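Please read the numbered points alongside the sequence and the model.

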Amino acid sequence: MIPTITAFESSPDRGQGLARDMRVRWALEEVEQPYNVRLVSFKAMKEPAHRALQPFGQIPTYEEDGLVLFESGAIVLHIAQHHAGLLPDEANARARAVSWMFAALNTVEQPIIELQIARFQEGDKPWTAERLPLIKDRIRGRLGELSVRLGDADCLDGAFSAGDLMMVHALLRLRPSGMLDEYPTLAAYVARGEARPAYKRAFAAQLAVFIGKPPA
Ligand SMILES: N[C@@H](CCC(=O)N[C@@H](CSCc1ccc([N+](=O)[O-])cc1)C(=O)NCC(=O)O)C(=O)O
């Protein structure tokens with residue numbers, strides 16, 4: 001059975017691939033698994049029918065043969081565990097790749113989300129001007145450590161894995177701020193991810209949703 005994922009009916013970034021359905025689409029393309037997409041409005045996301053799938057009223061979700069998953073990391077891990085192409089066969093390498101998935105979600109993406117919140121939801125607060133530099137310093141700390149670890153390697157740990165997919169997508173969210181370009185090693189790492197045919201297919205598919213649509 002072909003899985004169905006949910007995505008924004010109209011994303012604020014108008015299809016620049018920053019919303020988290022993009023990482024699920026990318027994973028499905030990497031393992032060459034066809035999928036259906038159900039587009040969800042902001043209003044519908046908060047209604048009982050969608051909350052039955054995703055208790056926090058968000059996208060993405062993943063439905064397949066009666067299985068319902070939420071959390072983009074869990075969905076990507078499920079895809080990687082059930083199809084070849086995103087996790088190594090060797091058990092220890094596989095476990096390390098999953099560590100990098102958690103590092104992307106928990107250690108690297110968290111300060112990046114803080115920056116988005118500060119800029120787009122708290123920009124009018126009197127204390128934001130004081131807080132922003134602290135948030136940016138935390139991000140720079142993590143990017144510096146990641147950059148050192150990656151060095152001149154192509155991927156985080158051997159072959160491309162779901163860990164790289166999650167890390168690249170977490171870093172992409174930072175690009176509009178200009179901070180990613182302060183770390184050429186990471187900017188090149190992200191560009192290698194975007195150059196992957198599977199990424200390009202996933203990006204084109206989510207962009208197609210927005211072509212010709214009025215601004216959100
Ligand atoms: N931890 C969850 C987080 C899911 C999540 O944040 N979903 C967001 C979309 S991806 C986050 C996102 C949104 C918009 C952009 N953008 O650039 O336009 C980028 C990323 C959502 O549904 N937001 C609606 C809501 O919370 O009411 C996961 O990883 O699946």
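How many helices and how many strands are there in the chain?

1. The chain, seen here as a predicted model, contains nine helices and four strands. Read from the N terminus, its elements follow the order β-α-β-α-α-β-β-α-α-α-α-α-α. The radius of gyration is 17 Å, close to the 17 Å given by the globule rule for 216 residues, so the chain is as compact as a globular protein of that length.

2. As to overall dimensions, the C-alpha trace spans about 45 × 45 × 30 Å along its principal axes. Of the 216 residues, 47% are buried. Among contacts between residues at least 6 apart in sequence, 68% join residues at least 24 apart.

3. Concerning the surface, the accessible area of the chain is about 10,700 Å², and carbon and sulfur atoms account for 56% of it. The chain carries 25 positive and 27 negative side chains. The centres of these two sets lie 4 Å apart.

4. Helix α8 covers residues 184-194, and its buried residues are Leu 186, Ala 187, Tyr 189, Val 190, Gly 193 and Glu 194. Why do these residues lie on the same side of α8? They cover an arc of only 160 degrees around the axis, which puts them on the same side of the helix.

5. The packing partners of α8 may be located next. Its buried residues pack against α1 (21-30), α6 (128-150), α7 (162-172) and α9 (197-208).

Note on methods
Residues are numbered from 1 along each chain as its sequence is written. This is a predicted model: local features need pLDDT of at least 70, side-chain atom pairs count only at pLDDT 80 or more; totals for chains, interfaces and linings use all residues. Side-chain values use heavy atoms; hydrogens and water are left out. Helices (H or I, at least four residues) and strands (E, at least two) are DSSP runs, numbered from the N terminus. The radius of gyration is taken over C-alpha atoms; the globule rule is 2.2 Å times the number of residues to the power 0.38. Buried means under 20% relative accessible area, exposed over 50%, partly exposed in between (1.4 Å probe, protein chains only). Contact means heavy atoms within 4.5 Å. Accessible areas come from the Shrake-Rupley method with a 1.4 Å probe; for residues, only the protein chains shown count as cover. Lys and Arg count as positive and Asp and Glu as negative; His and the chain ends are not counted. The place of a charge is taken as NZ of Lys, CZ of Arg, CG of Asp or CD of Glu. The arc is that of the directions from the helix axis to the C-beta atoms.
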